[in-house]
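Q: Can we go through this structure together, starting with a residue and its surroundings?
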Amino acid sequence: MSTPILTRSLLALALSAACSATYAAAAAPAAPSKQALVEQVLKLWNPDTIGQSMLQVPVADAVQQARAMLQGRAAPEKRDAAMVDIVNEAKAFMADATPITKASADKLIQTKIAPLMAERFSEEELRQLIAILESPVKKKFESMLPEMQKTLGEGVAADTRAVIDPKLQGLKEKIGLRLRAAVTP
């Protein structure tokens, strides 16, 4: 009976030692050459804009919802003036919030992302990643994205217009009826 207990104790001790060694290795700073490669990847990747991108979605949604709520409910001049104010408020919010999210991202990139990259990528993999991020072919592809998205969007719109437009009009009418019902006493 003592053998299984002894085996479990040895296994627990071995796992504890392995976890401690792994934690120590993960907590240890990366070699300067590796850290320089991580910093280069981070500079090319530019992840500090992620926070700003995250803000843009709800702000744009709020502006779009305001526009939709004002449509048909306010006189054109009042609607336009309100939208100018709303857009200016949204811009002011972004101007105020962007430095906050950028500072947070910069801090977390150095304390969370850089160590994670140093832990999970070898120096050779980091060099390969840098080559990909600096690739002229990647840059050419990225420069073509807006044109390709526009071309595809226009093609899909033209291809599906006959089927989608009536459905979209029906949806707008249903939404309009629901909104009118909700605001009518």
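A: Asp48 is buried, with a relative accessible area of 15%, where buried means under 20% relative accessible area, exposed over 50% and partly exposed in between (1.4 Å probe, protein chains only). The model is predicted, so local features need pLDDT of at least 70 and side-chain atom pairs count only at pLDDT 80 or more, while totals for chains, interfaces and linings use all residues. Residues are numbered from 1 along each chain as its sequence is written, and side-chain values use heavy atoms, with hydrogens and water left out.
Q: Which side chain does Asp48 meet in a salt bridge?
A: That of Lys102, at 2.9 Å from N to O; a salt bridge here is a side-chain nitrogen of Lys or Arg within 4 Å of a carboxyl oxygen of Asp or Glu. Asp48 lies in the loop between helix H2 (32–45) and H3, and Lys102 in helix H4 (residues 76–120), so the pair ties together parts that are 54 residues apart in sequence.
Q: And is Lys102 buried, partly exposed or exposed?
A: Lys102 counts as partly exposed, at 36% relative accessibility.
Q: What else does Lys102 pair with?
A: Asp106 also forms a salt bridge with Lys102, with the closest N and O atoms 3.0 Å apart, and these two residues, four apart in helix H4, are separated by about one helical turn.
Q: Switching topic, how many salt bridges are there by this rule?
A: The count comes to eight, including one between the side chains of Lys150 and Glu154 at 3.8 Å, N to O.
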